[in-house]
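Morning, everyone. I'll keep this to salt bridges. Let's bring the structure up.

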Amino acid sequence: MAKRLQGKVALISGAASGIGAACARAFVEEGARVVVADIARERGEHIASELLASTGEQCATFVPLDVTEASQWALAVEQAEQRFGGLHILVSCAGVCSMAGLLDENEAGWNHTVAVNQTGTWNGMRAAVPAMRRSGGGSIILISSIWGRVGTAGATAYQATKAAVVQLAKAAAAELASADIRANAILPGIIDTPFLAVLTPEQRAAITGTSLLGREGTPREIGLAATYLASDESSYVTGTELVIDGGYMTC
């Protein structure tokens, strides 16, 4: 039986840890070849080596990537095409979070958050789409957040950029459908990753306690959802928001 992503090539930003690494693992399990892209070189190289060892095949490679630099995105896409022969999947996962509120955030913090979360995502799409066209189509998966859809006190810049990511997915879906390129956003809730270091234990417990399932999600649960959106199983899914939050927004 063919694997769900057999023959597909994926470029994943923020793939050195957390959700990005989980996506890389899940994709390789389903037969994809993966470009592990991250600003954290040592951790990224470790993930790529782990993937190679797990399959015994040339299924992964690492490229350094600062998502705020369009030229580095271009090199990452070039590596995907040269190493693996094309590009079919983009997962934009790299992100930063400041917990500063509306009046406490400073201009430098605001600009950095926008540069990474919003402009970095846009940079990746601009670089990847021409390669996807050359490959005959593809799937763009943008990692947003429940805080891109519901508001909370604090984290003003983060919430604003994650809302923008949702709209980037919708705009791309409308623009790229004729090229057989789909674009969707995943909105994770509280997921047990190093990213949660910005929250206090009390904040984590409060958010988790108000979800229907009463627990934090795992990176693998997001990786499996991304696998669905990357595969042909979701061929009729574009422009949507896939909320994975244990029922938090239902309460």
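Start with a network: salt bridges link Arg149, Lys170 and Glu241. Keep in mind that this is a predicted model.

Glu241 and Arg149 meet through their side chains in a salt bridge, at 3.6 Å, N to O. The two residues come from distant parts of the chain, 92 residues apart. Glu241 sits in strand β7. Arg149 sits in the loop between β5 (138–143) and α5 (156–176).

Exposed or partly exposed: which is Arg149? Arg149 has 53% relative accessibility, so it counts as exposed, the cut-off being over 50%. Glu241 has a relative accessible area of 26%, so Glu241 is partly exposed.

Next pair. The side chains of Arg4 and Glu233 form a salt bridge, 2.9 Å from N to O. What does this pair tie together? Arg4 lies in the segment before β1 (9–13), and Glu233 in the loop between α7 (219–230) and β7 (241–244), so the bridge joins parts 229 residues apart in sequence. Both ends are partly exposed: Arg4 at 30% relative accessibility, Glu233 at 48%.

Arg215 is partly exposed, with a relative accessible area of 40%. Glu221 is partly exposed too, at 32%.

Last item, the total. How many salt bridges does a search of the whole structure find? Eleven.

Conventions: Residues numbered from 1 in each chain as written. Predicted model: local features only at pLDDT ≥ 70, side-chain atom pairs only at ≥ 80, totals over all residues. Heavy atoms only, no water. Salt bridge = Lys/Arg side-chain N within 4 Å of Asp/Glu carboxyl O. Helix = DSSP H or I, 4+ residues; strand = E, 2+ residues; numbered from the N terminus. Buried < 20%, exposed > 50% of the residue type's maximum accessible area, 1.4 Å probe, protein only.
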